[in-house]
Amino acid sequence: MTTNTAACTLNSPEETAQMAVRIAGALSPGDCLLLEGVIGAGKTHFARHLIQSLMDLPEDVPSPTFTLVQTYDVPAGELWHTDLYRLSSLEELEELGLTEAFESAICLVEWPDRLADLTPPHALHLTLALDLEHEDRRQLTLQWSDPKWQPLMERICA
């Protein structure tokens, strides 16, 4: 499978939130977003705005750093937001039921490197990188192999 890449600059937290909302509108059950970046890069900020944009009545969206998984019922179906930073083994992942959620829910995964061989091949990879010259600016790199993501990338990265 060919890996495609697109990149863009997000000049503020508001632009990051707007990008999350644009991507959210294209998601359906079975879609998986893998959010990568150093601590403080904006993964949870991105996820929070994506999730809230899918809710009928936006509510607080806490980071799942300590719970590992937060689930939400949104009009599109079930949504799983998971933070694997504290995960210590793949067995824990299987206990959470995440591999089943990859097939039936919209999944947002922070620290997806912990997935190893369980990484869904159809996922959209989003990497947020800090800009050392501008505190609020982020570089967003998107990578995908599944052709499903191509129309979305043409719309948001034009």
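In the predicted model, lysine 148 and aspartate 31 form a salt bridge in which the closest N and O atoms lie 3.3 Å apart. This pair connects distant parts of the chain, the two residues being 117 residues apart: lysine 148 belongs to the loop between β7 and α5 (150-156), and aspartate 31 to the loop between α1 (13-24) and β2 (32-36). Lysine 148 is partly exposed, with a relative accessible area of 35%, whereas aspartate 31 has a relative accessible area of 5% and is therefore classed as buried, the limit for burial being under 20%.

In total, the structure holds three salt bridges. Another of them joins arginine 114 to aspartate 113, with a distance of 3.0 Å between the closest N and O atoms. Arginine 114 is partly exposed, at a relative accessible area of 25%. A salt bridge is also formed between the side chains of aspartate 131 and arginine 137, at 3.6 Å from N to O. Within this pair, aspartate 131 counts as buried because its relative accessibility is 16%, under the 20% limit; arginine 137, at 24% relative accessibility, counts as partly exposed.

The surface also carries a patch of negative charge, in which Glu91, Glu94, Glu95, Glu100 and Glu103 gather. Two elements, α3 (90-96) and α4 (98-104), each give two or more residues to this patch. Helix α3 provides the largest share, with three residues. Glutamate 100, for its part, is placed in helix α4.

With regard to the overall architecture, the secondary structure of the protein consists of five helices and seven strands. Read from the N terminus, the order of the elements is β-α-β-α-β-β-α-α-β-β-β-α. The C-alpha atoms occupy a box of roughly 40 × 35 × 35 Å along the principal axes. The radius of gyration is 15 Å, which agrees with the value near 15 Å that a compact globule of 158 residues would have. Of the 158 residues, 44% count as buried.

Note on methods
Residues are numbered from 1 along each chain as its sequence is written. This is a predicted model: local features need pLDDT of at least 70, side-chain atom pairs count only at pLDDT 80 or more; totals for chains, interfaces and linings use all residues. Side-chain values use heavy atoms; hydrogens and water are left out. Patches are made of residues with over 30% relative accessible area and no salt bridge: like charges are joined within 9 Å, nonpolar side chains (Val, Leu, Ile, Met, Phe, Trp, Tyr) within 5 Å. Accessible areas come from the Shrake-Rupley method with a 1.4 Å probe; for residues, only the protein chains shown count as cover. A salt bridge is a side-chain nitrogen of Lys or Arg within 4 Å of a carboxyl oxygen of Asp or Glu. Lys and Arg count as positive and Asp and Glu as negative; His and the chain ends are not counted. The place of a charge is taken as NZ of Lys, CZ of Arg, CG of Asp or CD of Glu. Helices (H or I, at least four residues) and strands (E, at least two) are DSSP runs, numbered from the N terminus. The radius of gyration is taken over C-alpha atoms; the globule rule is 2.2 Å times the number of residues to the power 0.38. Buried means under 20% relative accessible area, exposed over 50%, partly exposed in between (1.4 Å probe, protein chains only).
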